[in-house]
Amino acid sequence: MKIWVLKLSPRYDLSGMNDKRIAQLADGDWKVNLNSLKMVDYVIVMHEQKVVFDYVLNDTIQLNLKKDFRVSNLGLKNANNATGLVGEFLDYRTANPSTIKDLDDLQKLIK
């Protein structure tokens, strides 16, 4: 199962935010390999190494050709912890805020 990992900046204070508000924060201008994106089953949003929500990616997203093929308007819908990762802390250290990983590989990173 392929998971698109989106890491939000630590400058955000997510306390008290619901899944819809966090989906809005995670909604745009991500650089991602479009061929890999076609294989994605779920999206997880991480903040300071914690998985805060998982989502289902909308079938239709926006591609910006003038911004290095970045995608936005993701239409994220709460997946209700379908990945089993919500609330978990992952030892996932990468400078890239947008990556695609196998669920099995992410499960091995749970602290």
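Is Tyr-55 buried or exposed in this model? Tyr-55 counts as buried, because its relative accessibility is 0%, where buried stands for under 20% relative accessible area, exposed for over 50% and partly exposed for what lies in between (1.4 Å probe, protein chains only). The model is a predicted one, in which local features need pLDDT of at least 70 and side-chain atom pairs count only at pLDDT 80 or more, whereas totals for chains, interfaces and linings use all residues. Residues are numbered from 1 along each chain as its sequence is written, and side-chain values use heavy atoms, with hydrogens and water left out.

**The sheet**

- Five strands form an open sheet in the order β6-β3-β2-β1-β7, and their pairing is mixed; strands (E, at least two residues) and helices (H or I, at least four) are DSSP runs numbered from the N terminus, and two strands pair if DSSP finds at least two bridges between them.
- The edges are taken by β6 (77-78) and β7 (98-102), each of which has a single partner strand, so one side of each is left without a neighbour in the sheet.
- Strands of a sheet pair through backbone hydrogen bonds, in either the parallel or the antiparallel sense.
- Strand β1 (residues 2-8) pairs with β7 in the antiparallel sense over five bridges, while β1 and β2 pair in the parallel sense over seven bridges.
- Strand β1 is mostly covered, with five of its seven residues buried.

**Nonpolar cores and aromatic residues**

- The largest nonpolar core has 21 residues, of which Trp-4, Leu-8, Ile-22, Val-43, Tyr-55, Leu-74 and Leu-76 touch the most other members; such a core is a set of buried Ala, Val, Leu, Ile, Met, Phe, Trp, Tyr and Cys residues joined through side-chain atoms within 4.5 Å.
- To this core β1, α1 (19-25), β2 (40-47) and β3 (50-56) each supply at least two residues.
- Apart from it lies another core, of 12 residues, which includes Tyr-42, Met-46, Leu-85 and Leu-90.
- With neighbours within four places in sequence set aside, Leu-76 is in contact (heavy atoms within 4.5 Å) with Ala-23, Ala-26, Val-43, Tyr-55, Val-56 and Leu-57.
- The structure holds one aromatic pair, formed by Phe-53 and Tyr-55, which is tilted, at 6.0 Å centre to centre and 45° between the planes; rings of Phe, Tyr and Trp (its six-membered ring) pair if their centres lie within 6.5 Å, and planes under 30 degrees apart count as stacked, over 60 as edge-to-face and the rest as tilted.
- The charged end of Arg-11 sits over the ring of Tyr-12, 4.9 Å from the ring centre, the criterion being that NZ of Lys or CZ of Arg is within 6 Å of the ring centre and within 35 degrees of the ring normal.

**Ile-44 and Thr-83**

- Ile-44 lies in strand β2 and counts as buried, because its relative accessibility is 0%.
- Not counting residues up to four places away in sequence, Ile-44 touches a set of residues that includes Ile-3, Val-5, Val-51, Phe-53, Thr-83, Leu-90 and Leu-106.
- Ile-44 and Thr-83 are 39 residues apart in sequence, yet 8.3 Å apart in space, C-alpha to C-alpha.
- Thr-83 belongs to the loop between β6 and β7, and at 4% relative accessibility this residue counts as buried.
- The side chain of Thr-83 makes a polar contact of 2.9 Å with the side chain of Asp-54, and a polar atom of the Thr-83 side chain lies 3.2 Å from the backbone nitrogen of Leu-85; a polar contact is a pair of N or O atoms within 3.5 Å, where, within protein, one must be able to donate a hydrogen and the other to accept it, and residues adjacent in sequence count only if both atoms are side-chain atoms.
- Beyond its neighbours within four places in sequence, Thr-83 is in contact with residues including Ile-3, Tyr-42, Leu-103 and Gln-107.

- Thr-99 is found in strand β7 and counts as buried at 13% relative accessibility, and a polar contact of 2.4 Å joins its side chain to that of Tyr-92.
- Thr-94 lies in the loop between β6 and β7 and counts as partly exposed at 28% relative accessibility.
- The side chain of Thr-94 reaches the backbone nitrogen of Asn-96 at 3.2 Å.
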